[in-house]
Amino acid sequence: AAAALNIGVTVLKKYCRKFRVPRWPYRKLQSMAKLIESFERYKKNAFSNGDIEGAADCQDVIDRLLKFREEVYDNPDKDIDESVKKLRQANFKIEYRQRQGQTQGAPAAVLTRTSLSGTSGYDSPSYGLCRVQRAGIWG
């Protein structure tokens, strides 16, 4: 943030203290940005494979992640929801396997729809790259 404002880190910290900004959730926001970017890619792949339902599901995840990111901007001390943690972990596993060249069909097992509050929904049919094992991010 200091480099973007073209000031030193010490000056930035001084102003943060002055305006009572307790901390800046840089790593949380970077994590959300990377997750959103991944699902944008998954959505694009789903469209290119003709999987309209999968692309719509990916867009739903993206919208929820954007909403969560806004909540973090409003409250920097907000903890990452358990469902987002699970989604992030599942996405990391998928990307790790892809980097290692372990293509085991589609990435991950079956996606279970659950809301951010934790209530269970139904199992969705598989839909290409947007499948993530028991992500728990849907409502």
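**A colleague's note on this predicted model**

1. Residues are numbered from 1 along each chain as its sequence is written, and side-chain values use heavy atoms, with hydrogens and water left out.

2. Glu71 has a salt bridge with Lys67 (3.9 Å, N to O); the term stands for a side-chain nitrogen of Lys or Arg within 4 Å of a carboxyl oxygen of Asp or Glu. Both residues belong to helix 4, 4 residues apart, about one turn of the helix. Lys67 counts as exposed, at 54% relative accessibility.

3. Glu71 also meets Lys78 in a salt bridge (3.5 Å, N to O), and Lys78 meets Asp81 in another (3.9 Å, N to O). The structure holds 8 salt bridges.

4. For the overall layout, the chain has 5 helices and 2 strands, in the order α-α-α-α-α-β-β along the sequence. These are DSSP runs numbered from the N terminus: helices are H or I with at least four residues, strands E with at least two. Of the 139 residues in the chain, 35% are buried.

5. What does the largest nonpolar core contain? It has 16 residues, and Leu35, Phe39, Leu65, Phe68, Val84 and Leu87 have the most contacts inside it. Helix 3 (26–48), helix 4 (52–74) and helix 5 (82–99) each supply at least two residues of this core. Such a core is a set of buried Ala, Val, Leu, Ile, Met, Phe, Trp, Tyr and Cys residues joined through side-chain atoms within 4.5 Å.

6. Helix 5 deserves a look of its own. Ser83, Val84, Leu87, Ala90, Asn91, Ile94 and Glu95 are buried there. They lie on the same side of helix 5 because they cover an arc of only 135° around the axis, taken from the directions from the helix axis to the C-beta atoms.

7. Arg88 is in helix 5 too, and is partly exposed, with a relative accessible area of 31%. Arg88 and Ser31 are 57 residues apart in sequence and 8.1 Å apart in space, C-alpha to C-alpha.

Key:
This is a predicted model: local features need pLDDT of at least 70, side-chain atom pairs count only at pLDDT 80 or more; totals for chains, interfaces and linings use all residues. Buried means under 20% relative accessible area, exposed over 50%, partly exposed in between (1.4 Å probe, protein chains only).
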